[in-house]
Structure formats: structure tokens, C-alpha cells
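Here's a quick briefing to read with the model open in your viewer.

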Amino acid sequence: MLRKFLLGAALVLSPLAQADIVIGQSVPTTGLVASTGRALALGASLYFSRVNATGGINGEPINHVVRDDGYDPKRTIANTRELIDKEGAIALVSYYGTATMTELEKTKLLDNAGIPLVGVHSGADVLRTPSSSPFVFHTRASYRQEVERIVKLLAGNLGVTRIGVIAQQDGYGQAGYNALKDALAKHNLTLAGEAWYDRQNGDTSKGAKELAKANPEAVVLITVSRPAATFVKQFRAAGGTAQLYGLSPIQFEEVIQTIGKKEAHGLGISEVLPYPRNEQLRFVREFQQDAGAVLRDGKTPSYAVMEGYMSARLVVEALKRAGKSPTRSAVYNGLASLKHYDLGGFTIDFGDKKRTGSNFVELTMISPTGTLTR
């Protein structure tokens with residue numbers, strides 16, 4: 001279903017190939033995290049299509065150009081260079097991954113082109129240091145904030161002292177691992193077991209057996225969706241009884257799709273956006289109107305669709321503030337002027353030179369019915 005809608009969005013946008021307003025995006029639409037990458041692209045396309053249907057920006061339609069990077073930093077860099085130099089993108093939207101963004105920032109491509117990137121599906125500290133590119137506008141809380149919230153619940157509220165970890169062998173895994181060790185240290189705790197898995201094949205079988213043998217009271221999953229699902233099943237099959245909590249890159253729909261509701265039940269996940277079905281928020285209601293068919297699918301990663309959608313909304317707002325015939329610098333200035341910007345019950349703040357627009361973290365858990373409890 002997700003592929004169907006993404007292709008549909010691409011068909012809507014393809015006649016606009018000569019549009020002046022080009023927004024570029026490089027995400028993995030193939031490979032281990034393809035489901036999340038496609039969802040980010042779909043979310044952005046949904047909002048850009050809505051804007052185009054009402055006349056575009058000052059009469060100009062938005063041409064949303066998406067490139068597949070397969071979660072490969074080299075391809076991310078090549079795609080970005082093409083989007084800037086060949087496609088003439090005025091801004092970039094909703095990229096994916098710590099490893100890809102770390103390598104992209106090293107090239108200084110964004111800085112040299114003066115092009116803003118709105119939204120990165122990563123909460124790594126390495127992307128949020130004072131030396132990081134000022135052209136990257138983050139829309140999600142950090143992994144450190146997610147981990148601290150999980151450890152506060154486990155160690156602070158529930159009195160859990162034996163906490164283990166399974167992490168992906170890359171910048172994402174290392175960022176979460178470092179944050180976990182620091183959070184545990186605040187409670188005078190150390191890791192009760194650790195395991196790593198290869199980011200290319202996602203094989204968690206060895207790690208599941210090692211951690212089941214270590215017998216911690218809780219395990220933090222610094223993983224992506226499919227490895228999270230396989231770990232949960234393998235860990236429990238090996239006799240592991242620990243409470244399991246993962247970070248926001250884990251899409252609960254993909255976990256359920258991979259191992260079923262029964263196996264997925266009880267997995268806790270920290271989220272950095274409002275629940276996509278929380279109709280109390282105007283932002284969510286508007287998102288639901290534009291993404292209703294996608295949400296009814298039940299398999300599409302709804303948080304990722306919302307993340308791409310939100311980033312697109314911020315880009316459009318910046319375009320409006322940039323005036324007629326917007327330039328990259330004008331769009332950048334438009335983004336930098338978004339101080340306490342209320343999307344409708346969810347606020348983004350890039351004021352005072354901040355580049356992390358949100359600190360929102362919420363803990364959820366997969367229920368027996370396949371929904372999230374909060």
C-alpha cells in the first residue's frame with residue numbers, strides 16, 4: 001500500500017518537472033529501512049500535493065524530487081549533489097539516518113550551496129554540536145533525550161537496576177549506546193549486558209542469545225524496525241523475560257507486520273512526535289485529512305509519514321515567508337524566523353539560532369490489539 005501511494009504521489013508531481021520551486025529529498029526507498037524512507041517521502045509528497053492543488057506558492061507549483069540512497073552515505077552525498085547542482089533545489093526535506101548525515105555534513109555540501117535541510121530522521125548528538133551545519137533544521141528530540149526518558153522510567157520510577165542494550169553497529173547505535181551509558185551513570189548503574197548487530201544484514205540472532213543469557217531486567221533496543229522485531233522474537237524464544245524498550249526509529253507497524261501482534265505486544269517505544277491518531281490536536285486532525293487512506297492501510301509507518309508531512313509544512317511556511325521568487329537564503333531566513341511556531345498543538349522553535357526545533361518525547365507501548373498505549 002505504501003509503495004502504491006508513493007508512486008501515486010510521484011505521478012501527481014511528475015508533470016511539474018519544469019517548476020521553479022524544487023524541493024529535494026534523499027531517503028532509502030530500498031533496503032533494510034526502505035519502509036521508513038518511503039514513508040518520509042510519502043508524507044512530504046502528501047503536503048506538497050495539497051499545496052499544489054490550491055495554486056502552489058505565489059502561483060508556482062512545488063516539484064518534489066525524491067532520490068533513493070539505500071541507506072548508503074555515498075549515495076546520499078551523490079544524490080544531494082545532484083539535487084543541488086542538476087535539479088536546482090531551493091531546499092531539502094526529511095533525510096534519513098545518522099551515518100548518512102554524518103558523512104554528508106563532512107562534505108560541507110549544504111554550507112557551500114547555502115541550502116537548508118528541514119528534518120532529519122536521527123537524534124544523534126554528533127549532528128547537533130555547535131560545529132554542525134547551521135543549514136540543518138532538526139524537527140525531533142535527540143536520542144539522548146529519548147534514552148534519558150526510558151532510563152528515568154526504568155531506574156527512577158520502577159527501580160530496575162539491571163539494564164542491557166542491543167545496538168546497531170554504526171553512528172546511530174553508537175550515539176544511543178553512549179547516551180544510555182551516561183543516563184545509567186546518573187543512577188550509579190552500569191550496563192548489565194550488551195550486544196551489537198550489523199547494519200547491513202540486520203541479524204540479531206547472536207545478540208538475542210547473549211542478552212537472554214545475561215538475564216537483565218530490561219533491554220534498550222537501539223535498532224531500526226526489522227531488527228527490533230526479530231530481536232524481540234529471538235530474545236523471548238531464548239528465554240529472555242526482560243522488559244524491552246526501543247527508540248523512535250522503530251516503526252511499530254513494521255514490527256507488528258514482521259512478527260505479529262502477539263509477539264510485538266509489550267514492546268515499549270519512545271516517540272518524538274504526537275500519536276498520529278490523537279485527534280485532540282489540530283495538527284494531527286489536518287494530517288489525518290491528508291493521509292487518511294494511508295492511515296487506514298494499517299501497515300504504513302504512520303509516525304514516519306507524519307514526520308515527512310511536518311517537515312514539508314515547515315518548508316512551505318518558510319517559502320511563504322521568503323516572498324516572491326524565493327532564494328535559498330530567503331528560505332533559510334524564513335526557517336530561522338520560525339520562533340515558537342504552532343502547527344496546531346505541536347510547536348517548533350528555531351528562534352534564537354536554535355537548530356533543534358522540538359524536545360518532545362513520549363513513551364508508548366504496543367498493545368495486544370496492535371495499537372499504541374501511552
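Contact here means heavy atoms within 4.5 Å. This is a predicted model, so local features need pLDDT of at least 70 and side-chain atom pairs count only at pLDDT 80 or more, while totals for chains, interfaces and linings use all residues. Residues are numbered from 1 along each chain as its sequence is written, and side-chain values use heavy atoms, with hydrogens and water left out.

**How the strands line up**

- Helices (H or I, at least four residues) and strands (E, at least two) are DSSP runs, numbered from the N terminus.
- Two strands pair if DSSP finds at least two bridges between them.
- Strand β6 (residues 163-168) runs parallel to β8, with five bridges joining them; valine 165 sits opposite valine 220 in β8.
- On to the next pairing: strand β8 (residues 218-222) and strand β9 (residues 243-246) are parallel over four bridges.
- From β8, the chain goes through helix α9 (residues 225-237) to β9 in a right-handed β-α-β crossover; right-handed means that, with the strands pointing away from the viewer, the path from the first strand over the helix to the second runs clockwise.
- Alanine 218 faces glutamine 243 in β9, and leucine 221 has glycine 246 in β9 as its bridge partner.
- β9 also pairs in the parallel sense with strand β10 (residues 268-271), over two bridges, and there glycine 246 has isoleucine 269 of β10 as its bridge partner.
- Together with helix α10 (residues 252-264), β9 and β10 form a right-handed β-α-β unit.

**How enclosed β8 is**

- Buried means under 20% relative accessible area, exposed over 50%, and partly exposed in between (1.4 Å probe, protein chains only).
- Five of the five residues of β8 are buried, so the strand is largely enclosed by the rest of the structure.
- In a regular strand, side chains alternate between the two faces of the sheet.
- Both faces of β8 are covered, with Ala218, Val220 and Ile222 buried on one side and Val219 and Leu221 buried on the other.

**Serine 302**

- You'll find serine 302 in helix α12 (residues 302-322).
- Serine 302 counts as buried because its relative accessibility is 7%.
- Leaving aside residues up to four places away in sequence, serine 302 touches Phe252, Glu253, Pro276, Phe287 and Leu295.
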